[in-house]
Amino acid sequence: MALAVIRTPSLEPWKPLQKKPLPAGRPREWYVSHNRRLKAMRLAIALLDAGVYIPSKATDATIRDTAQSIGIHPPSDTTCRMVRALIRYGR
């Protein structure tokens, strides 16, 4: 028998998680790709929140405008491709 649980929203404001340092001793390429994936994920979430659900609607200009509006540096072409891939495979 399934039981429905109703959760009441918290009265405390949302707090971001504490950042942890990245592990030391990895090659530089690992850190670059890790940070690129994080940036692509942030941009994909912002685009989905803005109503862009189809990768063809997420042009490089749209992604860069979104990056500017959320306050991060403009992404490279590679990061833009990653954003479109995240939107495509998140469906």
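Modeller: Let's start with a term: contact means heavy atoms within 4.5 Å. This is a predicted model in which local features need pLDDT of at least 70 and side-chain atom pairs count only at pLDDT 80 or more, while totals for chains, interfaces and linings use all residues. Residues are numbered from 1 along each chain as its sequence is written, and side-chain values use heavy atoms, with hydrogens and water left out.

Biologist: Thanks! What share of the contacts in the chain with a separation of 6 or more comes from residues 24 or more positions apart?

Modeller: Such residues account for 58% of those contacts.

Biologist: And how many helices and strands does the chain have?

Modeller: Helices (H or I, at least four residues) and strands (E, at least two) are DSSP runs, numbered from the N terminus. Here there are three helices and zero strands, giving the pattern α-α-α along the sequence.

Biologist: How should I read the length of H1, and what follows this helix?

Modeller: Gly51 follows H1 and has a positive phi, near 100°.

Biologist: Which residues of H1 and H2 meet?

Modeller: From H1 come Arg42, Leu43, Ala46 and Leu47, and from H2 Thr62, Ile63, Thr66, Ala67 and Ile70. By class, this contact has six nonpolar, two polar and one charged residues. Ala, Val, Leu, Ile, Met, Phe, Trp, Tyr, Cys and Pro count as nonpolar, Asp, Glu, Lys and Arg as charged, and the others, Gly among them, as polar.

Biologist: What about H2 and H3?

Modeller: H3 runs over 77-89. H2 and H3 also pack at about 95°, their axes 10 Å apart, which means that H2 is roughly perpendicular to H3. Asp60, Ile63 and Arg64 in H2 meet Asp77, Cys80, Val83 and Arg84 in H3; this contact divides into three nonpolar, no polar and four charged residues.

Biologist: Which residues of H1 are buried?

Modeller: Buried means under 20% relative accessible area, exposed over 50%, partly exposed in between (1.4 Å probe, protein chains only). In H1 the buried ones are His34, Lys39, Ala40, Leu43, Ala44, Ala46 and Leu47, and their cover includes H2 and H3. Of the 91 residues of the chain, 21% are buried.

Biologist: Where does Leu22 lie, and which residues does Leu22 touch?

Modeller: Leu22 sits in the segment before H1 and is partly exposed, at 37% relative accessibility. Not counting residues up to four places away in sequence, Leu22 touches Tyr31, His34 and Asn35. Leu22 and His34 are 12 residues apart in sequence and 9.6 Å apart in space, C-alpha to C-alpha.

Definitions and conventions. Axes fitted to C-alpha atoms, helices over the stretch in contact; angles between N-to-C directions. Parallel < 35°, antiparallel > 145°, perpendicular 65-115°, else oblique.
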